[in-house]
Amino acid sequence: MAAAAATTTTITPYLSSHCKLPNRLLISKPHRLLSPTIAFHKSVRRNPNLKISAVTMMPRKETETPSFLERKERGSLRFVKYHGLGNDFILVDNRDSTDPKITPGQAVQLCDRNFGVGADGVIFVMPGTNGTDYTMRIFNSDGSEPEMCGNGVRCFARFVAELENLHGKQRFTVHTGAGLIVPEIQEDGKVKVDMGKPILAASDVPTKLPPNHGSSVIKADIDVDGVTWSATCVSMGNPHCVTFGQRGEENLQVDELNLAVIGPKFEKHNVFPARTNTEFVQVFSRTHLKMRVWERGAGATLACGTGACAVVVAAVLEGRADRNCTVELPGGPLEIEWREDNDHVYMTGPAEVVFHGMVPL
């Protein structure tokens, strides 16, 4: 008689207490056995007439109470954390609704670095508006909502590519509170963003500092806590106050600044009705700038994309730099170009995944 060729057989739905299973019997995924199968070792071939019975493990009925993990998942928010040069964000897939999945108050809790996920803000990928591919909204770590975020939009583009399973060079149109933004994922994975034209009119930045170059504020004096600083005001869809130092200072040493003390005084100064982001800049050459930033609603961060753009615009307006610069931030460098032909500012830099997660709400 030929030896049994099969090494797997289906067992009957009951187990005889008189049957002893072979020592080398293997059971595959016993916790999921809806139609139980048993894989036999070669020794089974020596007894092809062996009959084995086992208890069938029935699936849980739909009417039964959900498990602890299932209940937790139903009341949780799935997210992916990204960072752009250390400026980190919680990215949420919100493509099914124009209403954010969490409130500003919940965003504050999630952004807490001790009791939450930890981030500079929460970004939502929403359906497009007015013909754009997507809409981007963001809640800062203090619950406020800025017009847009340069580092955030790079993370936004990489997140969209992950959601849509896109690879290689990709380009999107994104509606933001600052208007149309066009990020483009490069072959090397970096993201180049057309940030549009800088806004220089004082009333549109906005700032109450009196214009001193047409409608613009360039190298104007601003008194901060009894010290006079020189400032240029730029909007990249959100307000920026760019300073290269105190009045009469030749070259600001940005690493010596106490941002936690001076930053809030700029942000909440009464000449900035919508508050402001503030960039403190050191010039190494006409193509190499270094900055530290105090962000409106987020405080000191490792990078600010719109801030880097505003810095190059201000440096060009003050005659300190060329239109194509490397801007060094605490988190790493960004390449910024302010084109003369179309007046648009282009930002190029990385955006990286930190981790995927789920958090109860």
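Me: Which residues does isoleucine 336 touch, not counting residues up to four places away in sequence?

Reply: This is a predicted model, in which local features need pLDDT of at least 70 and side-chain atom pairs count only at pLDDT 80 or more, while totals for chains, interfaces and linings use all residues. Residues are numbered from 1 along each chain as its sequence is written, and side-chain values use heavy atoms, with hydrogens and water left out. With contact meaning heavy atoms within 4.5 Å, isoleucine 336 touches Ala308, Cys309, Val312, Arg323, Asn324, Cys325, Val327, Val345, Tyr346 and Met347.

Me: What makes the set of 56 residues a nonpolar core?

Reply: A nonpolar core is a set of buried Ala, Val, Leu, Ile, Met, Phe, Trp, Tyr and Cys residues joined through side-chain atoms within 4.5 Å, where buried means under 20% relative accessible area by a 1.4 Å probe, protein chains only. The largest such core has 56 residues, and Ile336, Val345 and Met347 are among those with the most contacts inside it. Helix 5 (residues 305-317; a helix is a DSSP run of H or I, at least four residues) gives the most to this core, with nine residues. A second, separate core of 21 residues includes Val205, Ala231, Leu252 and Leu259.

Me: Why are the buried residues of helix 2 said to line one face?

Reply: The buried residues of helix 2 (residues 104-111) are Ala107, Leu110 and Cys111. Seen down the helix axis, they fall within an arc of 90°, taken from the directions from the axis to the C-beta atoms, so they line one face of helix 2.

Note on methods. Buried means under 20% relative accessible area, exposed over 50%, partly exposed in between (1.4 Å probe, protein chains only). Helices (H or I, at least four residues) and strands (E, at least two) are DSSP runs, numbered from the N terminus.
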